[in-house]
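The sequence and structure come next.

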Amino acid sequence: MASTVTARAPAWVDGIGVSGAEMRAAIEGARWFNAGISRGLGVTQIPTPAMQIRVAAGLCQVSDGQNGYLPLELAAQTDLDIAASSPTLPRIDSLIAEFVDNGASSIYRFRVITGTPAGSPSAPSLPPADQPTGKTLRLYNIAVAAN
């Protein structure tokens with residue numbers, strides 16, 4: 001069993017070209033220490049129309065999956081739609097913060113993932129099927145009643 005391990009300075013310190021993902025992990029990972037909500041991002045149901053939520057402005061950190069964290073900020077209060085309910089079964093939707101590293105066209109967003117209606121519903125799996133490499137943070141689960 002080893003009692004020491006060789007380490008290195010981040011590549012960008014040595015002037016070596018690095019990918020945007022490695023640069024973000026090195027810089028942002030040093031500033032944030034855990035995943036979660038830092039401030040704001042409270043959620044309330046909008047009574048009319050009934051299938052929307054209001055998300056307050058705020059900041060959270062999403063794990064990059066490699067011991068680093070990426071900040072995502074919602075700069076202004078935002079209303080998000082909830083998909084139509086099932087006529088017979090309840091479901092659980094999730095509000096998530098999501099980062100997808102596509103290089104120059106990376107995606108930073110907050111969105112609602114629609115769950116599956118069931119007699120005993122459970123929250124949808126993450127990451128969502130449409131972004132299997134996305135880094136996500138489940139902020140809230142949203143109970144959607146039948147009908």
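## The β7 sheet

Strand β7 (residues 91-100) pairs with β9 over nine bridges, in the antiparallel sense. Two strands count as paired if DSSP finds at least two bridges between them. Helices (H or I, at least four residues) and strands (E, at least two) are DSSP runs, numbered from the N terminus. L95 stands opposite Y140 in β9.

The open sheet here has three strands in the order β8-β7-β9, with antiparallel pairing. β8 (107-113) and β9 (135-144) stand at the edges, each with a single partner strand, so one side of each has no neighbour in the sheet. From one strand to the next, the twist averages 10°. For such angles, axes are lines fitted to C-alpha atoms, for helices over the stretch in contact, and the angles run from 0 to 180 degrees between N-to-C directions. Strands of a sheet pair through backbone hydrogen bonds, either parallel or antiparallel.

## Basis of the model

This is a predicted model: local features need pLDDT of at least 70, side-chain atom pairs count only at pLDDT 80 or more, and totals for chains, interfaces and linings use all residues. Residues are numbered from 1 along each chain as its sequence is written, and side-chain values use heavy atoms, with hydrogens and water left out.

## The chain overall

The protein chain has one helix and nine strands. From the N terminus on, its elements run α-β-β-β-β-β-β-β-β-β. Of its 147 residues, 33% count as buried. Buried means under 20% relative accessible area, exposed over 50%, and partly exposed in between (1.4 Å probe, protein chains only).

The accessible surface comes to about 8,700 Å², and 54% of this belongs to carbon and sulfur atoms. Areas come from the Shrake-Rupley method with a 1.4 Å probe; for residues, only the protein chains shown count as cover. Among contacts (heavy atoms within 4.5 Å) with a separation of 6 or more, 58% join residues 24 or more positions apart.

## Strand β4 and its partners

Five of the six residues of strand β4 (residues 58-63) are buried, so this strand is largely enclosed by the rest of the structure. Four bridges join β4 to strand β1 (residues 36-40), and the two run antiparallel. G58 in β4 is the bridge partner of G40. β4 also pairs with strand β5 (residues 69-74), in the antiparallel sense over six bridges. There, L59 stands opposite E73. The hairpin of β4 and β5 has five residues between the strands, and G65 takes a positive phi near 80°.

Q61 lies in β4. Q61 counts as buried because its relative accessibility is 3%. Its side chain makes a polar contact with the side chain of S38 (2.7 Å). A polar contact is a pair of N or O atoms within 3.5 Å; within protein, one must be able to donate a hydrogen and the other to accept it, and residues adjacent in sequence count only if both atoms are side-chain atoms.

The largest nonpolar core has 19 residues. Such a core is a set of buried Ala, Val, Leu, Ile, Met, Phe, Trp, Tyr and Cys residues joined through side-chain atoms within 4.5 Å. I53, C60, L95, A97, F110 and L139 have the most contacts inside the largest core. β3 (52-55), β4, β5, β7, β8 and β9 each give two or more residues to this core. β9 gives the most, with four.

Not counting residues up to four places away in sequence, L95 touches residues including V43, I53, L80, V112 and I142. V43 is found in strand β2 (residues 43-45). At 27% relative accessibility, V43 counts as partly exposed. V43 and A56 are 13 residues apart in sequence, and 6.5 Å apart in space, C-alpha to C-alpha.
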